[in-house]
Amino acid sequence: MNQDYIKADPWSIIEEGFDKEQVKSSESLFSIGNGAMGQRANFEEQYTGDTFQGSYIAGVYYPDKTRVGWWKNGYPEYFAKVLNAPNWIGIHVSVNGEPLDLNTCKSVSSFHRELNMQEGWYRRSFTATLPNNIEVQVNVVRFLSLEIDEVGVIKFEIRPVNSDAEIKLRPYLDSGIKNHDTNWDDKFWNTTNVQSEGRRAFIEAHTMKTHFGTCTFMESKIYHNGTEVSHKPSEHTDEMYIGHEYVQEVSQGDTVAVHKFGGYTVSLNHDKDELIAAANRALEKATVLGFESLLELQKEAWARIWEMSDITIEGDVKAQQGIRFNIFQLNQTYLGTDSRLNIGPKGFTGEKYGGSTYWDTEAYCIPFYMATKDQKVARNLLKYRYNHLEKAIENAEKLGFSNGAALYPMVTMNGEECHNEWEITFEEIHRNGAIAFAIYNYYRFTGDYSYIPEMGLEVLIGIARFWQQRATFSTDKNQFVILGVTGPNEYENNVNNNWYTNYTAKWCIEYALKQLQKVKADYPEDYQRVLRKTKLEDTETEQWKKVASDMYFPKSEKHGVFLQQDGFLDKELITVGDLDKKQRPINQKWSWDRILRSPYIKQADVLQGFYFFEDHFTTDQLEKHFDFYEPFTVHESSLSPCVHSIQAAKLDRMEQAYRFYLRTSRLDLDDYNKEVEEGLHITSMAGTWMSIVEGFGGMRVVDGQLSFAPKIPTQWKSYSFKVNFRDQILKVNVDGGSPKFSLEGDEQLSILVDGTPLMLDPEKETTA
């Protein structure tokens, strides 16, 4: 963990000084995106040092054939790869014939890079001495436009400091790229067309197997001391590359610049035969506006995002920087405008994990999007799962289930399971529960019940059918058990009766039954339509009831807790505090066999159930389970600290809650897991938001009302956040005194504060 590498700043991520060892980490941390595409913070100019090149297009993937030692029935056919897309950011730069390459320069000084989160742009500047002793100053600004989401913009400026020079600038496109992550070294892209039209250039390429069509495009303008010059570029072309080279004689101290407009048009949004035409339209719009106007529009767009989603923290710059970094990256990854898209765990920052959707979306991300955007955004995420219901039924059929039972995938791009580790694919079935819980959570928060009769009831029926079939009746216990699973704690595989899985299964069935009755009473036409479609009969729901009412839950009378699984107490119960620090992290130091036999918990498991179903248990029960399980938790999942922070805050253990908050908010900035160079942990960033709003703010929905139990860490002077609750915008401000609430709009809102009713008047600050 390096806590001195990124400078503390409330609105920016800042790195000062060039360190080759940090290049790949910085490429992750300074990543940019606009919901439609994204890229790691790779250098525009040539860099021959160690780097992880990465540009990504939302929704575009490759089905890399699963690679396993031996095949088992039910294995997914492929592992979906997040594709490294053709590169449009490249600008080859040479000075008096010497390439600009920070890896080979004699010296690099005044190196500074900044990701300005408030305004949505990335800047890099430095002074370098090339091998030919020419000293140059470079300043680069880059952003991906929110105004025109197919377009990104670069302003690259270079100035010779100690000599006149001939500077060659060659903006280029390159489709000869490869994924870092591939099972069989397959060719993922097929380039079909490379062409040039004046200062514009285009490369058409499609993905192998999935046949997503793309056009990567660019147009460049050259400036000398701020004045545009009209040099005609020379072309450098091969079958997967096109560059436009501009040559400019520059006096010592003069500045030459290239404004490069580039990006992607994709067959997801355009006819494959119209990709170049669409690219021309995007370029026309972008170049007419120009760099400065597009930058101003970028600032305005981000101002609108921050107006609703910002969380302010006074008195703790690192904590402030951490939460804004998390909110910024979430908005760069997903803006909710396209129901075909979802929130990948690495977003646009890396290739690890594959797929675009995990249970993280429902368990962690939906609360953030519900509260900081229009409810349609969260509804789109639920619609995404409904659109994949038939695939979920097919996934279950491959494992031997029938009659419309649905098993949603652990990892997916299009609804098909595409994760190739057996203990995940076959066993981590609790993901079904997160999807059902998200439906409940959406209605609880938004008050919009329409999703359930329109779409959600079919999803709940498929999930309930799965749980009924997956449970086994134990004659020994005279109860239903669920065997051979992996719970949220992935450091236990193939265990019996994971408490969280069993409890979730029971809840899912009971919730589906309740919704059947509600839809029958209130939406009879939808009810009949769903019954016809699903062929659901009363005899089947009676079987559901038996499973739910007679579900087995392992527990320890000695310790007074539910057991994580049947065999948990058979382990050598040595707490993390007694574990040699040199053995951490255990996922990098231990064999898998040793991890599976250990008591160590990767992330909240039983405690995840206490988070979801909080109102099913008393605070005393939470405390007993927290005290039992947290000492065995190594928090080696990015999803772990946020849940523990929320629960520690509820237990009024504010110092512990604060430590967990710092860990979740600065997980990547401080590289706790020593893996940030692989990409950021995007989905867990929504958990960071929850740790403030639900943890310190104590926000809940109680009987249709917002409820707060605000607390504040001693390290903070104040904090504030906004939530959009049923189309009413509420701002919460907490300091050392009584919390204050401000309501936008023209209608009153009744809330609870520490259990006491409080009526809020619009456009007026009210103190609790």
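Which helices and which strand each supply at least two residues of the lining of the largest pocket? The legend to View 1 gives the answer, after a note on the model.

This is a predicted model, in which local features need pLDDT of at least 70 and side-chain atom pairs count only at pLDDT 80 or more, while totals for chains, interfaces and linings use all residues. Residues are numbered from 1 along each chain as its sequence is written, and side-chain values use heavy atoms, with hydrogens and water left out.

**View 1. Lining of the largest pocket.** Strand 6 (78-82), helix 7 (422-425), helix 13 and helix 19 (682-696) each supply at least two lining residues. Helices (H or I, at least four residues) and strands (E, at least two) are DSSP runs, numbered from the N terminus. Helix 19 gives the most, with three residues. The volume of the largest pocket is about 1300 Å³. Its lining has 48 residues, and Tyr-353, Tyr-491, Asn-587, Lys-602 and Glu-636 are the closest to the centre. A pocket is an open set of points on a 1 Å grid over the protein atoms alone, where a 1.4 Å probe fits, with protein on both sides within 12 Å along at least five of seven lines; lining residues have an atom within 4 Å of a point. A volume is the space filled by probe spheres set on the points, which are joined across faces, edges and corners.

**View 2. Phe-568 and Phe-632.** A search of the whole structure finds 59 aromatic pairs. Rings of Phe, Tyr and Trp (its six-membered ring) pair if their centres lie within 6.5 Å; planes under 30 degrees apart count as stacked, over 60 as edge-to-face and the rest as tilted. Phe-568 and Phe-632 form an edge-to-face pair, because their ring centres are 6.1 Å apart and their planes are at 80°. Phe-568 is buried, with a relative accessible area of 0%, and Phe-632 counts as buried at 6%. Buried means under 20% relative accessible area, exposed over 50%, and partly exposed in between (1.4 Å probe, protein chains only).

**View 3. Phe-708 and Phe-741.** Here the ring centres are 5.5 Å apart and the planes at 50°, so the pair is tilted. Phe-708 lies in strand 27 (residues 705-708) and Phe-741 in strand 30 (residues 740-743), so the pair ties together parts 33 residues apart in sequence. Both Phe-708 and Phe-741 are buried.

**View 4. Charges over rings.** The charged end of Arg-594 sits over the ring of Trp-590, 3.8 Å from its centre. Lys-260 lies over the face of Tyr-172, at 5.7 Å from the ring centre. A charge sits over a ring if NZ of Lys or CZ of Arg is within 6 Å of the ring centre and within 35 degrees of the ring normal.
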